[in-house]
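Trainee: Please take me through one part of this structure closely: the place where the chains meet, with a look at the ligand shell as well.

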Amino acid sequence: MNWYEIWTELWPTLIAIGIILAVVPVVGLYATFVERKLAAAVQDRLGPNRVGPFGMFQAIADGIKIFLKEQIIPSHVHTFVYMLAPCISLMTAMFALVVLPYGPTPVNYDGGLRFVVMPGLDISLLIMFAISSLSAYGIILGGWASNNKYSLYGAIRSCAQFISYEIPMGLSVIGVILVAGSMNIETIVASQSSGDGISGWNLWWQPLALVIFFTSALAETNRLPFDLPECEQELVGGFHTEYGGIKFVLFFLAEYTHVVTVSFLTTLLFFGGWHFPGVPSEVTASYGILALQMLVLLVKVCGVVCFIMLLRWALPRFRFDQLMGLAWKGLIPLAMLNLVFLAVIESLEWHRWPLAVLSVVLFVAAGYWSAWQSQSFVRKASVA
Amino acid sequence: MSTAETPVTQVEKKQKKKTVQWGDDPKIGFVEALYLPAIAGGIATALKHAFFKKRSTAQYPEQKPEMPPNYRGVHRLNRDEEGRVKCVACYMCQTACPANCIEIIAAPAPQDDPKWANRDKFPATFTIDELRCIYCGMCEEACPVDAIELTSIYDLTGMSRQEMIFDKEKLLSVFDETSKAGLDPVRTNRGALGPASEKSLQSADSPPPPGRGKHG
Ligand code: SF4
Ligand code: SF4
């Protein structure tokens, strides 16, 4: 292999990495802006509107402010780990993006421009989950190194939440993997293509898996209604109580990167990625079509991001026992049953419609079960 | 003692039995157990507010709020009909002030000046520390001649603490400004002023002072 060959191999990767590195912080900053605007809209306010047109430069102003802040390291922290934790947090969050196609990518990639750092990886979905669960490290290390009991509580809660919600998330995705027959994200997206561009989406065939996946993914991002690791009302600021300035922003950026990752995953796995009615489903070399497909994908992702932000203002926060109950008593059994029946249906090689019926039946059954349980539940404890 | 319990102890026991009460989780029905309808409801509420409700934000510096006329803001020192400071330097406000922020130095009115002929005392200096003031309005209640009043000016700013200590001139200028702008506090016009402020005590044929509205 000579230098030229190495270079032809290397440049698309470098470009893809560069795009991610350049875009993620900007997206993170602007996500805060969009979130503030959205929050304001929901609360009948106007939101930031002073800096630049429509307050567009508010995000930049915030960024400058935060970068110029004094770096305070409390005297009681374990300095090395304390400094390391936000870096790990952001690093793992960004690292998960290496297998994420942020634009149309063919299944059999062979050179040239592309929109994913690692194309054609057979286990890209697995890598994704493996790395994104590492982000719990950042939070736990941060909480522990802060030497503050509220931080530690936040970190422990986060840990418990991560462990609990990894399971339904994994189980719900296995269904998608089974149907597509691959763990490669590009193949999963390709498997959702169909003539009309919309009927192939996993959303129609596995709605229950989508609900479970989305719920657990939301829990993994530590956002409302699952933001118990950092809820202000109970834990001051949770694991980032002792963090300020740029170190806090790293945590923050990691959270938003997670939100973006989750939105991408939801779009790619359930909403058909870059497939849309009227858009060619084949990934070709034509730049026009590529741009169109990329637009479709990004619009879908933005939609999911906005939905996540909207959920924050639409739902009350869970109590911690409810949070655990939802994962262990609700989502995990449901996801497991869903997976078993789905595997049976898939192995019979029927048409796909029984999958959709299965989802609805399971969901309704779960509703009946929990209603019945609630109605017949009598507290046994007697008064002392 | 193995006798029967008195009624009182029985009652006590009953009450004691009730002191511990379990709060059961509410029973939920089928629709609630599905979660999704409730979530959809929450989102619908959020969207309704986002798209169909009027924004209640006031764009502050451009869009000033209208203060109620009985708002207690920056002080003013009123002038009488002849344009003199109305204050008679009686120290009532200084004594009443719970925040100790009024400082008056009284002086005998200049006897050679015919303008001051009917006055014994006047404040040589009159300063109010607007930063220390708690805007309680005790001073204006205490004043027997209604010389000190709280206006509805609320946006009081300054670059230094020194700037926020208002002297007599400044307080009089607040009066000039507010009475010109028609922003007299309601208390000015309510017609229940102290006897020392009654018109009959002052020259009857001079024009009413600006801002004395109904009462003047
Ligand atoms: S408003 Fe109250 S605190 Fe302020 S000067 Fe008058 S009496 Fe003192
Ligand atoms: S109470 Fe009225 S008259 Fe007396 S000193 Fe204060 S402002 Fe002047």
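Mentor: A residue counts as near a molecule if one of its heavy atoms lies within 4 Å of it. By that rule 13 residues surround ligand 1, and the closest are Cys97(B), Cys133(B), Cys136(B), Gly137(B) and Cys139(B). The shell around ligand 1 divides into 11 nonpolar, 2 polar and no charged residues; here Ala, Val, Leu, Ile, Met, Phe, Trp, Tyr, Cys and Pro count as nonpolar, Asp, Glu, Lys and Arg as charged, and the others, Gly among them, as polar. This is a predicted model, in which local features need pLDDT of at least 70 and side-chain atom pairs count only at pLDDT 80 or more, while totals for chains, interfaces and linings use all residues. Residues are numbered from 1 along each chain as its sequence is written, chains are lettered from A and ligands numbered from 1 in the order in which they are written, and side-chain values use heavy atoms, with hydrogens and water left out.

Now the chain contact. Chain A puts 29 residues into the contact and chain B 30, contact meaning heavy atoms within 4.5 Å. About 2,500 Å² is buried between chain A and chain B, and carbon and sulfur atoms give 62% of that area. Buried area is the accessible area (1.4 Å probe) that two parts lose on being put together, summed over both. Between chain A and chain B there are 2 salt bridges, each a side-chain nitrogen of Lys or Arg within 4 Å of a carboxyl oxygen of Asp or Glu. Asp44(A) and Arg55(B) form a salt bridge through their side chains, at 3.9 Å, N to O.
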